[in-house]
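Subject: The structure you asked for

Hi there,

Here is the structure I promised to pass along. Have a look at it first, and then read on for what turned up.

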Amino acid sequence: MDEIRTILKNSMEEVFGSFEGANVYFAPGRVNLIGEHIDYNGGHVFPCALTIGTYAAVRKNGTGTMRLYSANFPQNGIGSFAINALDERQKRWTDYPKGVLWALSRHGFTLPADGGLDVVYYGNIPNGSGLSSSASIEVLTAKYLSDLFGFDLDGVYVARLCKESENLFNGVNCGIMDQFAIAMGAKDKAIFLDTATLDYTYVPFVLSNAKIVIACSNKKRGLADSEYNKRRGECEAALAALNTVRPLKALCDLTPEQFEEISGVLTDPVLLKRARHAVTENDRTLRAVEALNAGDLTQFGELMKASHDSLRYDFEVTGPELDALYDAACAVDGVIGSRMTGAGFGGCTVSLVREDAVDTFVQSVGEAYRKAIGYDASFYVVSVGDGPQNI
Ligand code: GLA
């Protein structure tokens, strides 16, 4: 932490003249353990917040302008905008914080005319890795604004608001999982969230003799947004077809058995596969949480692998890079479970690895990946941490 505080302090002094009176905030990144691509199908998800994330040093500047700087991308310089002119996107990373201000103002939370801030952001989430760096920036922004201007927003409200800013301001049609996992994160706990109702419970996620290892494919996720929206569209089309034989609010309202009974109506094989993934993934998530509560980590790991297979063959969001990481992981003795995590099409896998097998894992998955894909993957042993905070 001292190192990060130094980065923030130095940047703040260099770019905005002084660190005097600055407040430092943190919001985590997240990893989803199981329940993928079902937060927009009314399903259950099981993510957790990480101890890595995004930091911000924040200070009121007494003007009507927000001035934002990223210590990760100094070449981009300062991004600024007036706090009373929030409608336009600027097509740069500052659209994430700006979107939060925009969403806040839609909800009646406005800043005073001289409420401008100087902010330095710094993140230690690997770039574009699928560990939700954008949701982390959003929740971080909502947190410091709420604190500094007395909005007193609770975590669930922050999650909804940040999702709204991502959907409506930034045009990314995501579900609520990422923002919820980050805004509601708790140390050593995973969040069992019903995305249809936002009911949630915290489930202890403390592994004795095992570690959570993230393997990052380092693949640029060029098509991610358009493919993501395409999957959403396919799920909606499948739901509409199923609705002709049984009234349903969402695909995940069906058990696998109920789905089998009516799936004949899905004559398009692609829609059949997409819907089958959603229904079975929801079921796997319910069973995984049950297994964990019963202390059966082996079963939890098997369900993670089944989740990857379903995302690979039915939902088709893995691709050669994530499959190479997954296949290599499954071949390592001591791997309890492994799967892609997040939207897919690049990004990361998450694996539960016996402590004494972590070094072998990194070495042998790393070698296999380089051989199959031609460049290196990166590995991170991560811990489950708390939600946003003033530090
Ligand atoms: C992205 C989205 C989430 C969720 C996942 C897939 O991370 O932001 O809402 O849909 O993909 O599970």
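One convention before the findings: Ala, Val, Leu, Ile, Met, Phe, Trp, Tyr, Cys and Pro count as nonpolar, Asp, Glu, Lys and Arg as charged, and the others, Gly among them, as polar. Please also keep in mind that this is a predicted model.

Let's start with the ligand. Its surroundings are made up of Arg-30, Glu-36, His-37, Asp-39, Tyr-40, Cys-174, Gly-175, Met-177, Asp-178, Tyr-228, Gly-342 and Ala-343. Sorted by class, this shell holds five nonpolar, three polar and four charged residues.

Some of these residues place polar atoms by ligand oxygen atoms. For Asp-39, a side-chain N or O atom is 2.6 Å from a ligand oxygen. Gly-175 uses a polar backbone atom, 2.9 Å from an oxygen of the ligand, while Arg-30 has a polar side-chain atom 3.1 Å from a ligand oxygen. The ligand taken alone exposes 310 Å², and the protein buries 92% of that.

The largest nonpolar core has 87 residues, and Met-66, Tyr-121, Tyr-144 and Leu-145 touch the most other members. Helix α3 (residues 133–148) supplies the largest share of this core, with seven residues. Beyond its neighbours within four places in sequence, Tyr-144 is in contact with Tyr-25, Ala-56, Val-58, Met-66, Leu-68, Leu-117, Val-119 and Tyr-121. There is also a second, separate core of 31 residues, including Phe-205, Leu-207, Ile-214 and Leu-352.

Best wishes

Key. Residues are numbered from 1 along each chain as its sequence is written. This is a predicted model: local features need pLDDT of at least 70, side-chain atom pairs count only at pLDDT 80 or more; totals for chains, interfaces and linings use all residues. Side-chain values use heavy atoms; hydrogens and water are left out. A residue is near a molecule or strand if one of its heavy atoms lies within 4 Å of it. A polar contact is a pair of N or O atoms within 3.5 Å; within protein, one must be able to donate a hydrogen and the other to accept it, and residues adjacent in sequence count only if both atoms are side-chain atoms. Accessible areas come from the Shrake-Rupley method with a 1.4 Å probe; for residues, only the protein chains shown count as cover. A nonpolar core is a set of buried Ala, Val, Leu, Ile, Met, Phe, Trp, Tyr and Cys residues joined through side-chain atoms within 4.5 Å. Buried means under 20% relative accessible area, exposed over 50%, partly exposed in between (1.4 Å probe, protein chains only). Helices (H or I, at least four residues) and strands (E, at least two) are DSSP runs, numbered from the N terminus. Contact means heavy atoms within 4.5 Å.
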